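Hi,

Here is the structure I said I would pass on.

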Amino acid sequence: MSRFQVARLVAVKDLRVERRSKVVTNQILPFAGATMVMFAFALDSKGVSGVDEDGQRWTTDVLALVAPGLVWLATLFSLLILVGRAFAVESEDGALDALRVAGVDPAAIFWGKSAALAVQLFLLELVLVVAAVLLYNVDVPLGGVALLGVTLVAATFGLAFVGTLYGGLAAGFTGRESLLPLLVLPVVAPVLIGATRAVESALGTGGVALAEGWPWVGLLAVFAIAFGVGGALAFGPLIEEAT
Amino acid sequence: MSQTTPPPTRKLGTGTRATRAIGVAAVVMLGWLLAFGLGFSPADRNQEEYVRILYVHVPTAWLAYLAFGVTALCSALYLFTKKHSLGFDRFAGASAEIGVVFMALTLVTGMLWGRPTWGHYWAWDARLTTTALLFVTYVGYLAVRGLGGSHHQRAKRSAVLGLLAVIEIPLVRWSVKWWRSLHQDASVGEPGSGVELDGLMLFSLFVGVIAFTLLYVWLLLHRSRALAMEDVLDDVGLDAAVAARRNETVGVAP
């Protein structure tokens, strides 16, 4: 069986577990939604106004201005929970050890679990973008849809690879819930920066031009490739140590 | 006392003649740095007396980066050499510990310098942000080292993590630099930069770098030896516990 087929089986298995447990739909999605509402409470939604140099009065809706960053922050928080779950399922019954002992290629496990995580994250991001449109008065211009879509895909893979890699490292250890954010958040800083800037361009937030977004997608793509390859190489030695 | 515990055959300690010599040299150089940094070097035209903070800030920053570089190198040496020597792992761990301490000092001294010079403790510019992220990354690395398991498990896990940082750091640096850049580039000694330091200032900075590098080497040697002793203690403790259980069984059995 090829590495790709094994990865696909692992991904399908993970998605089936998630579909049956309904944790994503019943807990993580509502959590992400609640986070978006909390952001609105923290950042006053009334808007800020002032007078510019020419004496023109301007008003800016703070929430619409920071919406791209908030979408990605909510995604990151949800990622930490999703990763914790993806590996709690594995380590509870020693399933990861069973996979390893059965001689399953660690790179295939890594790509499979990453793919399953990416699918869940992508759906979550779509919901969060819709929430931003509904709650924060964000407009999605037609011209920015392609950039928005590509950004979501590239960022999702980067996050999924990093999440799977460090989730595998922390799996099975006491205190993994607090260790995971400490390990993951500094690493995904480039994704948060790049994806936020790219989405700002796609939405035209604060008058940012569409063309400014594409180089950031390049950064996201490089990040995803680097951790997709690096993670596949590192995952074997890391999960060997999990027990 | 358990029979498996080997009696101490030599005086236990982490010092040798070489480390003592390095230690003395480090103390002498730090004394020089104090004398030059606080006494002989003049105040700066713009930064006034605050420039003296830089005689500590620049060497600690250099050292933190050197220490993390050594961690990555020793991680690679552990993973890719046939012997998988735990000595490399202990060097990597000791170096990361020292790096984290020096990076914390860099951040603190930088803030203390930034407040009077820039008017605020923190600025979200590329170099500061990268440094802060690096600091958190290596705090995480040290947390992973403390997860437990056998010595080789710890070594392999942390070596992989130490090498992953090599992928991570350029990406963080690239993204943050692109995002924000206010910090003046390294300007001393670059041709055409137009920045000329007073001879005594440059010399003080140079003394600082040498003093802190010696301090790093001294700390690294002692700390890696202390880590080796901790490992031995773990092993001996385990052997003693196994022997004690075995003796219990022998005592109970007819």
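Predicted model: local features only at pLDDT ≥ 70, side-chain atom pairs only at ≥ 80, totals over all residues.

On chain B, the elements that give two or more residues to the side touching chain A are helix H4 (126–145) and helix H5 (151–179). H5(B) supplies the largest share of that side, with 15 residues. Sorted by class, the side of chain B that touches chain A has 17 nonpolar, 4 polar and 3 charged residues. In total, 24 residues of chain B are in contact with 27 residues of chain A. The area buried between the two chains is about 2,400 Å², and carbon and sulfur atoms give 82% of that.

I also looked at one helix pair inside chain A. Helix H6 (residues 145–170) and helix H7 (residues 176–187) of chain A pack at an angle of about 145°, and their axes are 10 Å apart. The crossing of H6(A) past H7(A) is right-handed. From H6(A), the contact uses Val162(A), Tyr166(A), Gly167(A), Leu169(A) and Ala170(A). H7(A) brings Arg176(A), Leu179(A), Leu180(A), Leu183(A), Val184(A) and Val187(A) to the contact. By class, that makes 9 nonpolar, 1 polar and 1 charged residues where H6(A) meets H7(A).

Cheers

Conventions:
Residues numbered from 1 in each chain as written. Chains lettered and ligands numbered in written order. Heavy atoms only, no water. Contact = heavy atoms within 4.5 Å. Buried area = accessible area lost by both parts, 1.4 Å probe. Helix = DSSP H or I, 4+ residues; strand = E, 2+ residues; numbered from the N terminus. Nonpolar A, V, L, I, M, F, W, Y, C, P; charged D, E, K, R; others polar. Axes fitted to C-alpha atoms, helices over the stretch in contact; angles between N-to-C directions. Left-handed = near helix turned anticlockwise from the far one by under 90°.
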